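The tour visits a pocket, then a cavity.

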Amino acid sequence: MEMRSRTENSLRNIRVTLLFQASSFGIAFFTRKIFVQMLTQEYLGLDGTFSNILSMLSLTELGIGSAITYSLYKPLAEKDQGQIVALMALFRRVYWTIGGIVALFGCALTPFLPVLVRDLPDIPHIDWIYLFFVLNSSLSYFYAYKQSLMIADQRQYITTACHFILSSLLRLTQMAFLWLSGDYFIYLGLQIGTTLLENLILSQITDRLYPYIRRDRHGSVAPETKREIIKNTKALMLHRAGGIVVFGTDNLLISIFVGVVEVGVYSNYLMVINALGSLSYRVFYSLTASVGNLKVSSEAKHILSVFQRANFAGNWLYGFSTVCLTVLLGPFIELWLGRDYLFSRGTVCLILMNFYVTGMRQVTLIFRDACGLYRYEGYKPVWESVINLVVSAILAVPFGVTGIFAGTFISTMTTCFWVEPVVLFRYGLHADVGIYFKDYIYHTLVTLLTTAAVWQICVQLPGAGLPLFLTKMAVCAVLGNLGYLLAYCRREELRFFVALFIRMTASIRRGNTR
């Protein structure tokens, strides 16, 4: 019964994620089109640069949110309301403090904007635009801590539904006001209001689902839990710093070494890539609480089996996405925004290489987080950050944007690529990591061969414009998946997912006939 509950919760989280994420893509691309028509490329670049600056300030969170979420798995499984209340009270104090720190330090950076943004564009009231970003970022911490309780309790579908409904309404409302008035401050003000509204709504939902967290706000966190939180926070602090430096500084480095216009161009590529990447990531992130629950109640052999199946699905999804992006990304950007927003083929190749190696890490990271193995990676995040910054800065001078992306790829391959799976298999799964690397190499070869075959077919297709793009999309969908199907037709994992799909289809049919 418990396993069925975990599976049902996971599938519910995945279904809701797929539904809302897919429906929000169309709205996001439509609104970006209006944005670039109504405002200049400089505004788009500022949007990416200021977001990066605030992501750097989020380092003050220190990873304590993930550490406390991990600590919630056990009391939720044991229905220990006293410990849940104590942990949530701690969470509240920490997040309100963080929100204040982000606001304070964010405002303090205002005089240094000319240093952080090369050739600062001549946009009216640019300091106030930045302060609007600071306010939105700081407000995101207030009441947001309550969402973690629902996520840890395998109810992420609720937070997902609320977020996508409000964000979709926000984008449409922003575009309507931008189209009518062209006022960027109204655009930013609506974003701030929606951030506050989302946190308040989810706070109310949490209070109704878990009324005991309002009735009793007393109690203290158990000493062993405190020690666990402190230990995990110390490890997560390095991980959070490494992640922000590697993935949160590309726009900042481009702004400093190249210019703010290129930040705007890159943000469009990033939007398309994140649309695919975040869809896959959110599907697997929906499993985090289930894996945490599994870790508390199951043996290592079963956890290894679940990991191999999830990793198989992740490899297929990110590999297939890489095939599609290689063939379709350039033509899509050109159709969507025009040739002025295109990067060179070499630059795009490096962007996609980073997408692939980052995507291939996701299932490993989710299992690592759910098993609480952060501290075993030592100083990996520090080396990752140092290598990324040094190599990116060195290569940015002769190669510009391409050099910055090369630095990100090199830092990932020299650290994360091997450290993360070694830690997971040694301390979490208690199995030979050679299984993982063998699958990784095989899947990469399959992806390269499939990409090459689909590319060669698509470059020979006749036509132009939207009809040609749709034809290429169909070729990618059919031949891209066919390549993986032929490569994995004998794998147990494929048989498992086929059987799961059949069971889900049968269940839906039975529900429709009632």
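Start with α15, which gives the most to the lining of the second largest pocket: nine residues. Helices here are DSSP runs (H or I, at least four residues), numbered from the N terminus. This is a predicted model, where local features need pLDDT of at least 70, side-chain atom pairs count only at pLDDT 80 or more, and totals for chains, interfaces and linings use all residues. Residues are numbered from 1 along each chain as its sequence is written, and side-chain values use heavy atoms, without hydrogens and water.

The pocket has a volume of about 900 Å³. Now pick Thr 326, Val 327, Val 348, Leu 352 and Trp 455, the closest to its centre of the 35 lining residues. A pocket is an open set of points on a 1 Å grid over the protein atoms alone, with protein on both sides within 12 Å along at least five of seven lines; lining residues have an atom within 4 Å of a point. Volume is the space filled by probe spheres set on the points, which are joined across faces, edges and corners.

Colour the pocket lining by class: 23 nonpolar, eight polar, four charged. Nonpolar means Ala, Val, Leu, Ile, Met, Phe, Trp, Tyr, Cys and Pro; charged means Asp, Glu, Lys and Arg; the others, Gly among them, are polar.

Move to the second largest cavity, about 120 Å³. Select Gln 308, Asn 311, Asn 315, Asp 439 and Arg 491, the closest to its centre of 14 lining residues. In a cavity, a 1.4 Å probe fits but cannot get out. α15 returns here with the largest share, six residues.

Definitions and conventions:
Helices (H or I, at least four residues) and strands (E, at least two) are DSSP runs, numbered from the N terminus.
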